[in-house]
Amino acid sequence: MRVALFVGCVTNVLFPTTAASTVRLLERLGVDVIVPDDQGCCGQMQLNSGYRDAGLARAAVTADVLERALTKADAVVVPSASCTATIRRGWAEAVSGDPAWHARVARLAGSVHELTEFLIDVVGVVDVGARFPHRVAYHPTCHSLREIGLGERPERLLSAVDGLELVDLPDADRCCGFGGLFSLKNTDVSAAMGDARLAAFAAAGAEVVVAADRSCLVHLQSLAEHRHTPLAFAHIADVLASTDGTLEGTV
Amino acid sequence: MTRTFDGADPFPTAASRALGDDQLRRNLARATTTIRTKRGKVAGELANWEDLRAAGEAIRTSALAHLGDYLEQFEANASAAGGQVHWARDAAEANRIVTGLVSATGVDDVVKVKSILTAELGLNQALESAGIRASETDLAELIVQLADDLPSHIVVPAIHRSRTEIRDIFLDQMHRVGLPAPANLTDDPPMLAAAARAHLRSKFLRARVGISGGNFLIAETGSLVIVESEGNGRMCLTLPETLISVVGIEKIVPTFRDLDVLLQLLPRSATGERMNPYTSIVHGTRDGDGPRTWHIVLVDNGRSSALADPVGSQALRCIRCAACLNVCPVYEQVGGHAYGSVYPGPIGAILTPQLDHITSVGVAASLPFASTLCGACRDACPVRIDIPRLLVRLRSDVVDANLTTTAEKAAMTVAGASLSDPGRMAFASRLAALAARLRPRRAPGAAGAWLRHRTLPRPTGRAFVTGRTRRTPTSSAPPHPIVDHTRPLGLRTSPMSASATDSRTSILTRVAAATATQTAPTIDRSYRAPRESDVVKLFIERVSDYRASVRTCDEASLPNAVTEALGSHASGRIGIPSDLPEQVTSKVPGDLVVDDQLSADQLDGLDAVITTCRSAVAESGTVILDHGPGQGRRALTLVPDHHVLIVAADQIHDRLPDALAALDPTTTQTWISGPSATSDIELDRVEGVHGPRTLDIIVII
């Protein structure tokens, strides 16, 4: 099986090692990975902030990129729940009265998978051969939980990781406060919400906080660093790719 | 006099300020967590909760899709039953109408049931200008009014106040407007509730004019539905000679039986109860029972504009349960005042910008951004309003109306461009690495906002995707965004002019135009399917949960059971309807007082009252009175402090749909689910406010 990797702009620019982890993980599972060298941004930031024209311009370009990629690969894998949600839902919701666009999006949606969806539903694997002996708090990001309904997939994958202890996190589904532009336009509230999550992770005895979105993680991680809260943060791809308990190149 | 939100700051400023209020945040966290947990429990109890939500969505959408027809139907039926229907285009007109109606009675002190619409209209202020005092009677609204404060929640408006603050407010203010608080008042919630009861009781018993809002208007029957806990609603709807109900046009529900969904969804979503203590269904005027004169003022005030937006009109489905507030992680941090509107929280963020009551465009334009789009509200909404989708839509309205800053627009353009292809993203990565090495603590604009609470990420400087630096041309033109409405935020495209056309015609014309292309969805009624239940056992369990006393007996031992239920009141003064079967009271030693139009004070002098009922609902422990034979008029079961209620086993239905199917929709009804109660004081449930504090139910098996 061969997949095309759509990395997402936050991961590409700020956390390239997460993309590298994703490739390493998939190849270890016998999946061929190509990385389209013309990929950009799905337009989520603009679409969610009210800049529809700009967002849809991004969406049109990325739709082309994905369609081209699907001529050379069986599926597109995205290590980001929020990018996946934008491609599958956001692109359609921003447009009305354009059946051709909706048909394109519907076709693409069937071939675009968030990473944990791909592993569980397509590859059919739960134990990916990882080792990560740490106490982990899994933070279900709002996009993964409510927009694309990842459900228990991430936790199932993490539970099968050698040595990994998933801590009990009460009220796990509370938003971390990132919300894209919200983190800037309402920075104080954003930080208060993030602080509440950090307190919950610490109270649960977590060493590492894991999520399926680098965007939420960068907010929490940067907040924790500012507050001198001793927590590590990792994308689920980084954990699942690890075979020696370390996070290559990530903090 | 209650303040208004005029002059409120836009959300970011107001929210940041609220974060500094530790007391507020403690109260909010406790309150919202409590209601969330209770709601989760009672919603989880119903295996068909999702079916009910789907039906609720369909019923409210149908109502809006044919709003004009239903409004006319309501008007015809309400008028035929003795109501007088008025139409108001906007706040000014509504206030003029109500003030005129009150002035015509010569009364200068009216009692009010909680109504957010009247706060939206600024009705109290308008009445005050005409020399009329509107006394709020809902406990939380009383607290807010006495303190010259602002409401912070849709269901529990004084949630931001601690019990100690409430005690101080009562001690400092009650004497200015009526019976003073007792000098030894503590902050114990039952004592506070008792103080409110005493203070308001004299107002209720003397009230000549009552003003209410309305939870629902039933088109099929012309009835008004009021949902409450304390009994102040029943007091205002029943005791005064004149009742004026002010209701938004979007509150229409097509048929009486549609309540079988809405009144399962609302109490569970709002307060986490299976059913609220009192629901009143007012059908016209009744001789010798309740107000002689009933006015209903139907208010538009921007609703017909919101209705015209195929996506935005979803917000009008709202049944004011505030479940969205209780699950919102943003609201939990800052409370309701930060939203600068009588409608706070997620629903406020989508309703306020679409209605007409906010004069500050700055506030209205900030509300769609007062959210992280987490979606918890969408999951909690009983009528499935897609709040995040509406927020995104309203955000594009703000941008299209040029209400964002130049700095923001520029930053978005730069950000968008720098992420458009691998070459530019590689450059952005290098830039980010460089910026991080500088370890700045402060910066202007967006970067500054980030740095207030966060460090900068420290990327390696190498993006992952290495690719062409040339931009890839698109193969096709970008798709068009939604352009199905042209109403810029905060402005009406077709304002309601003060034309010669009467308001009724004007409103109905706008509504018809707005709904011309809307279709009503089909309503899946499979939630009405009956099931096997031991209804008597379930009813007794559920009534006990409310802490009403319940006992069983057979027909022969009913008189003994009645006397037992009366307890020490058995030798006192006991009110009965004239048609209560004699046998029921054959073992009662005390004075039996037949209610032949007893005055309010005489009713207040009774120790207890005994009645039968029309039917009951096992699932929620609800007893339904339609004030027919053996049940007495409404005031009889409201004013006395102890109500003994007789239910026959064969009157008990399993669930609400079963009970409503057997009722005559054109009756005036009172639904009782426990003694009166309030959760307005720090969410501590306190029994016994205005309605009977003791409820004894006897089931004849």
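Here nonpolar means Ala, Val, Leu, Ile, Met, Phe, Trp, Tyr, Cys and Pro, charged means Asp, Glu, Lys and Arg, and everything else, Gly among them, goes down as polar. What you're looking at is a predicted model, where local features need pLDDT of at least 70 and side-chain atom pairs count only at pLDDT 80 or more, while totals for chains, interfaces and linings use all residues. Residues are numbered from 1 along each chain as its sequence is written, chains are lettered from A and ligands numbered from 1 in written order, and side-chain values use heavy atoms, with hydrogens and water left out.

**View 1. The largest cavity holds about 700 Å³ of space.** Its lining takes in 40 residues, with K114(B), I154(B), V155(B), N215(B) and V227(B) the closest to the centre. By class, that lining splits into 18 nonpolar, 11 polar and 11 charged residues. A cavity here is a set of points, on a 1 Å grid over the protein atoms alone, where a 1.4 Å probe fits but cannot get out; a pocket is an open set with protein on both sides within 12 Å along at least five of seven lines; and lining residues have an atom within 4 Å of a point. Points are joined across faces, edges and corners, and the volume is the space filled by probe spheres set on them. In chain B, α6, β6 (223-228), β7 (242-248), α12 (259-271) and β20 (677-678) each bring at least two residues to this lining. The top contributor is α12(B), with 4 residues. Helices (H or I, at least four residues) and strands (E, at least two) are DSSP runs, numbered from the N terminus. Across the structure there are 11 cavities of 30 Å³ or more.

**View 2. The second largest cavity, about 350 Å³, has residues of chains A and B in its lining.** Of its 21 lining residues, N48(A), G90(A), E93(A), R389(B) and V392(B) sit closest to the centre. Which helix gives the most here? That's α5(A), with 6 residues. The class count is 7 nonpolar, 6 polar and 8 charged.

**View 3. The second largest pocket has a volume of about 580 Å³.** It is lined by 36 residues, and T4(B), A119(B), E120(B), G122(B) and V342(B) lie nearest its centre. In chain B, α6 (116-121) and α7 (123-129) are the elements that give two or more residues to the lining. The biggest share is from α6(B), with 5 residues. Sorted by class, the lining has 13 nonpolar, 15 polar and 8 charged residues.

**View 4. D300(B) sits in the loop between β10 (293-299) and α13 (303-307) of chain B.** This residue is buried (under 20% relative accessible area with a 1.4 Å probe, protein chains only), and its own value is 0%. The D300(B) side chain reaches the backbone nitrogen of R303(B) at 2.9 Å. A 2.6 Å polar contact also links the side chains of D300(B) and S304(B). For a polar contact, take a pair of N or O atoms within 3.5 Å; within protein, one must be able to donate a hydrogen and the other to accept it, and sequence-adjacent residues count only if both atoms are side-chain atoms. G248(B) is 52 residues from D300(B) in sequence, yet their C-alpha atoms are 6.2 Å apart.

Key: Buried < 20%, exposed > 50% of the residue type's maximum accessible area, 1.4 Å probe, protein only.
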